[in-house]
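Reader: I'd like to learn how to read a structure like this one, feature by feature. Could you put it up, and we'll go through it together?

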Amino acid sequence: MPDQIPWGPVDARGAQVAVVVGDPSKPGLYMVYNKWTKGNHFSRPHFHPTDRTIVVLQGTWWVGSGPKFDPDNGTVPMPAGSFVTHTGKQVH
């Protein structure tokens, strides 16, 4: 239930994370929720070792891809209900 989600504290990025299935530090399926405080939270280009599927549950998530950091011209708004797949080892 929503009131039982194990949210962690707000971190230096302005995010709260809740691990709801599995263990992100181990191989295998896991699922986390990320909740962002209000403001601009653009991450620099980076990659993850494995594929990730991200679902936007509420609000709008601005997604960038590629090695160039350009929040003003290189992002696409993803409204609630959208999903994005980041392929492992590909910069986004």
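Reader: Let's start with a single residue. Which residues does G8 touch, not counting residues up to four places away in sequence?

Author: Before we start, keep in mind that this is a predicted model. For touching, the general idea is that heavy atoms within 4.5 Å make a contact. Here, G8 touches Q16 and V17 once residues up to four places away are set aside. G8 sits in the segment before β1, and its C-alpha is 6.0 Å from that of A18, ten residues apart in sequence.

Reader: Is G8 buried, exposed or partly exposed, and why?

Author: Partly exposed, because its relative accessible area is 21% and buried means under 20%.

Reader: OK, let me zoom out. How many helices and strands are there in the protein chain?

Author: Zero helices and six strands. Read along the sequence, that gives the pattern β-β-β-β-β-β. The C-alpha trace spans about 40 × 30 × 25 Å along its principal axes.

Reader: What share of the residues is buried?

Author: Buried residues make up 16% of the 92 in the protein chain. As for the accessible surface, the total is about 7100 Å², and carbon and sulfur atoms account for 57% of that.

Reader: And how do I read contacts across the sequence? Of those between residues at least 6 apart, what share joins residues at least 24 apart?

Author: That share is 43% in this chain.

Reader: Now rings. How many aromatic pairs does a search of the whole structure find?

Author: One. It is formed by W7 and Y33, with 6.2 Å from centre to centre and 35° between the planes. To read the angle, use the cut-offs: under 30 degrees counts as stacked, over 60 as edge-to-face, and the rest as tilted, so this pair is tilted.

Reader: Which parts of the chain does the pair link?

Author: Distant ones: W7 belongs to the segment before β1 (15–21), while Y33 is in strand β2 (residues 31–36), and the two are 26 residues apart.

Reader: How do the two partners come out on accessibility, W7 at 29% and Y33 at 26%?

Author: W7 counts as partly exposed because of that 29% relative accessibility, and Y33 counts as partly exposed because of its 26%.

Reader: Which residue lies over the face of W7?

Author: K35 does, at 4.3 Å from the ring centre.

Reader: While we're on charges, how many positive and negative side chains does the chain have?

Author: There are 8 positive and 6 negative side chains, and the centres of the two sets lie 3 Å apart.

Reader: Let's do a couple of loops. Where is the place of T50?

Author: T50 is in the loop between β2 and β3 (52–55). Its relative accessible area is 44%, so T50 is partly exposed. Leaving aside neighbours within four places in sequence, T50 is in contact with H86 and G88.

Methods:
Residues are numbered from 1 along each chain as its sequence is written. This is a predicted model: local features need pLDDT of at least 70, side-chain atom pairs count only at pLDDT 80 or more; totals for chains, interfaces and linings use all residues. Side-chain values use heavy atoms; hydrogens and water are left out. Rings of Phe, Tyr and Trp (its six-membered ring) pair if their centres lie within 6.5 Å; planes under 30 degrees apart count as stacked, over 60 as edge-to-face and the rest as tilted. Helices (H or I, at least four residues) and strands (E, at least two) are DSSP runs, numbered from the N terminus. Buried means under 20% relative accessible area, exposed over 50%, partly exposed in between (1.4 Å probe, protein chains only). A charge sits over a ring if NZ of Lys or CZ of Arg is within 6 Å of the ring centre and within 35 degrees of the ring normal. Accessible areas come from the Shrake-Rupley method with a 1.4 Å probe; for residues, only the protein chains shown count as cover. Lys and Arg count as positive and Asp and Glu as negative; His and the chain ends are not counted. The place of a charge is taken as NZ of Lys, CZ of Arg, CG of Asp or CD of Glu.
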